Amino acid sequence: MKPPKTVFACQECGAQSAKWLGRCPDCGAWNSMVEERPAPAIAMGGADLAKRYTLAGANGPQLYADIDTVVSERISTGIGEFDRVLGGGVVPGSLVLIGGEPGIGKSTLLLQAAAHFASAVGPVLYSSGEESEHQIKSRGERLGIEQAPLYILAETCLERILEEIARLRPAFIIVDSIQTVFSLRFQSAPGSIGQVREAATQLLFAAKGQNIPTFLVGHVTKDGSLAGPKALEHIVDTVLYFEGEKHHAHRIVRAVKNRFGAVSELGVFEMTGRGLRAVPNPSQLFLAERPANAPGSVVLCCVEGSRPMLVEIQALVSSSSYGNARRMASGIDQGRLSLLLAVLEKRAGVNLAADDVFVNVAGGISVDEPAADLAVVAAIASSVRNRPIAAGSAVFGEVGLAGEVRGTSHAGLRIREAAQMGFTRTIAPHGNYAAEDVPAGHDVVGVRTVLEALDLLMTW
Ligand code: TYD
Ligand code: MG
């Protein structure tokens with residue numbers, strides 16, 4: 001008998017090779033090839049096969065014009081902020097991956113959503129490979145979960161989970177976490193790329209074939225990417241990431257891929273003694289501890305997904321010892337900070353060569369849109385000159401290499417949010433401000449260059 005064929009799969013990118021290699025030829029990762037031996041395929045008849053591997057109910061191709069436009073109604077998770085990141089609720093038959101560091105609140109959020117689903121929609125299967133039924137129950141007790149058809153399955157075998165899905169026909173499936181699930185068809189360890197991909201694919205067929213929304217929990221590695229397979233992100237419809245720091249009570253869930261909604265949509269939560277609570281007004285949360293009249297503090301109107309939010313950008317510039325100046329950015333991109341420092345030096349004459357520069361977005365949130373540039377520049381200039389920014393001012397705008405301030409998207413949203421939060425003036429790119437209707441009692445000042453903006457914001 002021929003020995004079973006083995007393949008070596010890269011645990012980083014999923015590339016396969018017939019023999020072991022020290023370095024993956026595809027992604028270049030060292031020592032990432034692991035042997036994976038598929039168990040002999042289970043013989044399946046044609047009908048079985050078709051049932052298992054079909055995504056839609058239809059037989060063969062359908063004429064485009066004949067396909068009904070189903071406005072698939074969304075199902076609420078019972079948590080407003082969670083619905084928002086999903087694009088307005090759960091789409092039937094969608095596969096959603098939720099990633100995040102251990103202990104950040106993935107299981108808590110999903111258990112809360114599961115409890116709501118069970119009482120509002122129908123039976124829910126919560127399959128956990130990480131915790132026992134008792135542990136889940138004791139968490140549920142903290143969350144105040146009431147009587148509902150919520151089934152807990154402590155199981156890691158994929159075939160068993162699929163069996164239970166077929167038997168129970170739940171309205172909602174949660175698999176916590178995908179890295180603990182293993183298929184009997186593979187001999188590699190749970191969490192290896194072959195296993196994770198197989199588990200996700202089989203659950204995809206279950207979700208699509210039976211139109212059951214399915215949530216998968218995924219672990220992230222130290223560097224913040226989803227553990228192992230990038231392949232997983234291609235299989236699922238929606239990828240959500242949990243962000244936040246252990247030392248802060250608030251958590252942010254961000255959509256990084258969504259076939260049914262806007263990406264970079266945010267949900268803001270607060271971890272309380274009784275689970276995660278939605279924060280409907282994040283601006284208030286992020287500005288709560290802002291020091292009054294402190295140099296180096298600027299309020300930025302940013303937009304995440306479709307939501308405007310005011311956050312505080314803080315900068316501290318102090319003279320550097322030993323001549324090697326440090327630049328540290330937390331919450332904004334380090335490369336962007338270097339670029340803005342260069343612009344500040346060349347175009348505004350602020351010399352920072354002998355200074356350490358620290359920039360932080362207060363509250364542990366990260367802002368990656370270029371509209372944050374002007375606020376970062378203003379915060380640094382304010383700290384260098386040790387002058388506070390004019391009270392009541394909020395800022396947004398992209399900064400170009402010539403020191404010009406460029407227009408951004410969603411200017412109206414930003415301005416209205418600033419006005420709503422009680423700011424009297426918004427410093428906006430000149431290209432933006434004329435087009436927007438300004439709320440009464442609020443001033444919008446359009447600026448063309450960084451220097452113009454700094455003159456308006458502080459005396460220096
Ligand atoms: P958990 O959902 O288990 O995290 P994950 O599944 O992402 O690993 O979250 C656990 C953390 O949340 C833990 O540190 C305790 C805290 N927590 C609360 O503060 N309040 C609560 O009501 C619950 C259930 C957990
Ligand atoms: Mg967990």
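1. Two strands count as paired if DSSP finds at least two bridges between them. Strands (E, at least two residues) and helices (H or I, at least four) are DSSP runs, numbered from the N terminus. By that rule β13 (residues 297–304) and β14 (residues 307–319) pair in the antiparallel sense, over 8 bridges.

2. This is a predicted model, in which local features need pLDDT of at least 70, side-chain atom pairs count only at pLDDT 80 or more, and totals for chains, interfaces and linings use all residues. Residues are numbered from 1 along each chain as its sequence is written, chains are lettered from A and ligands numbered from 1 in the order in which they are written, and side-chain values use heavy atoms, leaving out hydrogens and water.

3. An open sheet of 9 strands has mixed pairing and the order β6-β5-β7-β8-β4-β9-β10-β11-β12. Its edges are β6 (150–154) and β12 (275–278); each has a single partner strand, so one side of each is left without a neighbour in the sheet. Direction ignored, neighbouring strands of this sheet are turned by 25 degrees against each other on average; the axes behind such angles are lines fitted to C-alpha atoms, for helices over the stretch in contact, and angles run from 0 to 180 degrees between N-to-C directions.

4. Within this sheet, β9 (residues 238–243) and β10 (residues 250–258) pair in the antiparallel sense over 6 bridges. Val239 has Lys257 of β10 as its bridge partner. Helix α4 packs on the sheet and touches β5 (124–128), β6 and β12, where contact means heavy atoms within 4.5 Å. The direction of α4 makes about 145 degrees with that of β6.

5. At the β12 end, β11 and β12 run antiparallel and are joined by 4 bridges. They form a hairpin with 2 residues between them. Thr272 has Gly275 in β12 as its bridge partner.

6. Which atoms approach the oxygen atoms of ligand 1? A backbone N or O atom of Gly275 lies 2.6 Å from one oxygen atom, a polar side-chain atom of Arg139 lies 2.7 Å from an oxygen atom, and a polar backbone atom of Ile104 is 3.4 Å from an oxygen atom. A polar contact is a pair of N or O atoms within 3.5 Å. Taken alone, ligand 1 exposes 560 Å², and the protein buries 75% of that (Shrake-Rupley method, 1.4 Å probe).

7. A separate point concerns an open sheet of 3 strands, with antiparallel pairing and the order β2-β1-β3. Its edge strands, β2 (16–17) and β3 (33–36), each pair on one side only. β1 (residues 7–10) and β3 pair over 4 bridges, with Met33 of β3 as the bridge partner of Cys10.

Conventions. Polar contact = N/O pair within 3.5 Å; in protein donor to acceptor, adjacent residues only side chain to side chain.
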